[in-house]
Amino acid sequence: MKENAILEMKAIDKVFPGVLALQGVDFTLCAGEIHALMGENGAGKSTLIKVLTGVYSKDGGQIYLKGYDKPVIIRSPQEAQKMGISTVYQEITLCPNLSVAENMYIGRGEGVRVNWKKINEKADAILKSLDIPAKATQQLSSCSIAVQQMVAIARAVDMDCKVLILDEPTSSLDEQEVAKLFKLMRDLKERGVGIIFVTHFLDQVYEVCDKITVLRDGRLVGEYEIKDLPRVQLVSKMLGKELDDLSDISGEHKKFQAEPNTPPVFEAVGLQSDAGIKPFDFYIQKGEVNGFTGLLGSGRSECVRAIFGADRVLGGTVKKDGNAIKIAKPIDAMRNGIGYLPEDRKVDGIVGELSVRENIILALQVLKGFFKPFSRAEAARFADEYIKLLDIKTASADTPIKSLSGGNQQKVILARWLLTHPEYLILDEPTRGIDVGTKVDIQKLVLKLASEGMSITFISSETDEMLRTCSRMVVMRDRAVVGELTDDDLTQGKIMSTIAGGEKKDE
Amino acid sequence: MKIWNKIKSWPLLLPVVALILVMAVNIIHDAAVGDNPLSFFMISLRDTTTNGTILFGRIIDIINRGSEVAILAIGMTLVVSASAGTDISVGSVMSLCASFMCMNLAGYGVSSTTTLAKPLIVGLLAAVLMGALCGAFNGTLVSHLSIQPMVATLILYSAARAIGLLLCNDLIVYVRNPSFAFIGAFTGPIPTPILITVVCIILISVVLKKTALGMYIQSVGINAKASRIAGLNSRRLRFLAYLLCGVFASLAGIVASSRITSADSNNIGLYLEMDAILSVALGGNSLGGGKFNLAGSIIGAYTIQAITTTLYALGVSSIQAPVYKAIIVIIIVVIEAPPFKAFIRKHSAARATKGVKA
């Protein structure tokens, strides 16, 4: 092992049926270091963490821990904790209706008899030494989420943890709470704890971390000192595009000219939802294809969900043809001619046990009304038409949608919205997890629909895809709109530098 | 082989097989005691002093006695599908509706009457209204306050009978009026409850045919989030399911009350919620919600009644009957349990590969 290292993972492999989730990944953590683990969705961050904490067993490689002369085998999270590896997740995994002290000591008792007085005193002492604003006897649910997270950390610290893993700890915290958490992280660093910090927030990485390890598609891209890796470089490494190549590729997008003096078809002003995005402005013209881009978790989906009324709207207005309309829930948006293909197909899209036919006609049926059901013949005609149009591979229209492949499920949901003939169609990651042929089909379809006058917002994690379809891109970072690119600015390089943002000048 | 596969995937397989089994037990028993083996299926006309010429036979008896559970099973099916929970208050709600109806028909505080204080229709509407009210109460708790269905309906399960007693001034109210008794007796030769059940089934069939209710409820039950994105209001639909369940409970209550021409708060609909839930499960519906099969539930309801009647015919006392019912429930639940299904699949797959090798 390297000097000063407390954890070394070497050539870790993990195979899931049909997928190589991790291939020969190395990871080294030193004492007194905050180490960011970065990568896009599916890069292998969570898998690596789960191998380290014993949730998954590894299929290859070794894990070395300081204090053990042989490679360690970690079979369960409990074993990992005994070896000094603790994890604090984004969702609090403590018991909200127990006291703070109970949460810190639950499951660690040595016997039946518990001296609560002593335990409360001990807990208070630790909380005080870490400067956590909570009392031992306080019920956990009465603390803010940030404090609850800190209590989870305090529990880990008291269990003598050497390696602390923080998995997206800041997603549900406000800025002041984040600052407090960072102070605690720095305190622990002083004490020699090694911290692995998993986050999507670039600003936070540069604020608190010492080193960055980047993963992509289950492989190690590299380990970098924070000062050696400017933001733009980091983004390009996460997305897997070399900057030099990027600046050359200009978008193949079509130029789009809005008709002069007409208001946008749809316009959002100061729109804000309960999903934690900053208020944003947005508009789309008739026949335009635009997109939201940004890293995962930057708020792309949350913006379009706010427009569609899928999340609770807290403020701002949406206008159609210049007139304010009220969108409180999806049906309001649908009545105004908006369709929305959601990002998470399984959760928000398919109705698993219903047939392909029922899944296709669902939205149109809802628009038509409760008392006017489609006859079986009508429904079958619509279904057959779109199964043919989109080339959906299904045994029959009666087959339950859940037995179709992911790509074909996606086409069914697409059919559901096309059938409603929307004026404005929002496609949130329509090509995720589907084969290349289908991807191209969908891109072509988007351009065709736009040329027929439909307005489309297209969101994809793959920038190439968006460059091919969008004539304007709204760039997001850390849940806020940070820029808008059109025409000559639509290049990979420009998009990436906008996503990364400048090194903060005002700090 | 193809036909076999088709039968295996037939949604009504379980309830129909159960019903056939019950019939088989009857045939064997009748043959064993030296009766005509087909006496279970015999229907005859008999003259009675009270009701004139009526249909008579064990089958008629089962369909007649099974009316309440069949009516309850309709509402229960919708509730299970929409909310992945059960309404355990239906038995008590039946009783409350009966009490409210009899209170209206007899007048408050009157314990026995032969003349109606109000027109019959007012009493019937009062019962239905009370059922709708109870359903709305349950529906609000479940859909708008997100209380677990079992807990939400536990409130009326325990309170409704007491409220009924309160309405009837702690009395068993008897309404011995022929126009009221007719509901639980005979229309021509046919028992009226059978006709009422048929009307209920036609009613719900029309609703399912003429509205998108069926698809909406299943969609919400399978994936509420996706349904919302597609424009459905899952709260309102869940509420509607409970509301309808309450209305059907009131109809069952009217029938049960008329049979005994009284509102016996402590006994009307007793334990029937369990039979209704069992009908739904026996009908091949998943109690986890989602897709429903109304025909299955109704066949399930009559199967349960057939089991009860058969047990009596076999000489099992009414006190012992629940033990045998419990055994049948255990068998059904095990057959439907995912691990058991997986076990069967594994076994038949293994046999299939063996066959290929040979």
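Two strands count as paired if DSSP finds at least two bridges between them, and helices (H or I, at least four residues) and strands (E, at least two) are DSSP runs, numbered from the N terminus. With that in hand, L164(A) stands opposite I195(A) in β7(A).

Before going on, some housekeeping. This is a predicted model, where local features need pLDDT of at least 70 and side-chain atom pairs count only at pLDDT 80 or more, while totals for chains, interfaces and linings use all residues. Residues are numbered from 1 along each chain as its sequence is written, and chains are lettered from A and ligands numbered from 1 in the order in which they are written.

Back to the strands. β6 (163-167) and β7 (194-198) of chain A pair in the parallel sense over five bridges. They belong to an open sheet of six strands in chain A, ordered β5-β6-β7-β3-β8-β9, with mixed pairing. At its edges stand β5 (85-88) and β9 (219-225) of chain A, each with a single partner strand, so one side of each has no neighbour in the sheet.

Now for the helices. Axes are lines fitted to C-alpha atoms, for helices over the stretch in contact, and angles run from 0 to 180 degrees between N-to-C directions. Contact itself means that the C-beta atoms of two residues, placed from the backbone, lie within 7 Å.

| Helix of chain A | Strands of chain A | Angle |
|---|---|---|
| α5 (145-158) | lies across β5 and β6 | about 175 degrees to β5(A) |
| α6 (175-190) | touches β3 (34-38), β6 and β7 | about 150 degrees with β7(A) |

How far apart are the axes of α5(A) and α6(A)? They are 10 Å apart, and the two helices pack at an angle of about 10 degrees. That makes α5(A) and α6(A) roughly parallel to each other, a label for angles under 35 degrees. Among the residues making this contact are I153(A) of α5(A) and L184(A) of α6(A). The contact's residues divide into seven nonpolar, one polar and two charged; here Ala, Val, Leu, Ile, Met, Phe, Trp, Tyr, Cys and Pro count as nonpolar, Asp, Glu, Lys and Arg as charged, and the others, Gly among them, as polar.

Zooming out, chain A is assigned domain 1 (5-229) and domain 2 (248-337 + 454-501), with bounds that come from an automatic or database domain assignment.

Finally, the chains meet. The contact takes 24 residues from chain A and 18 residues from chain B. On the chain A side, α13(A) gives the most, with six residues.

How values were computed
Angles under 35 degrees count as roughly parallel, over 145 as roughly antiparallel, 65 to 115 as roughly perpendicular and the rest as oblique.
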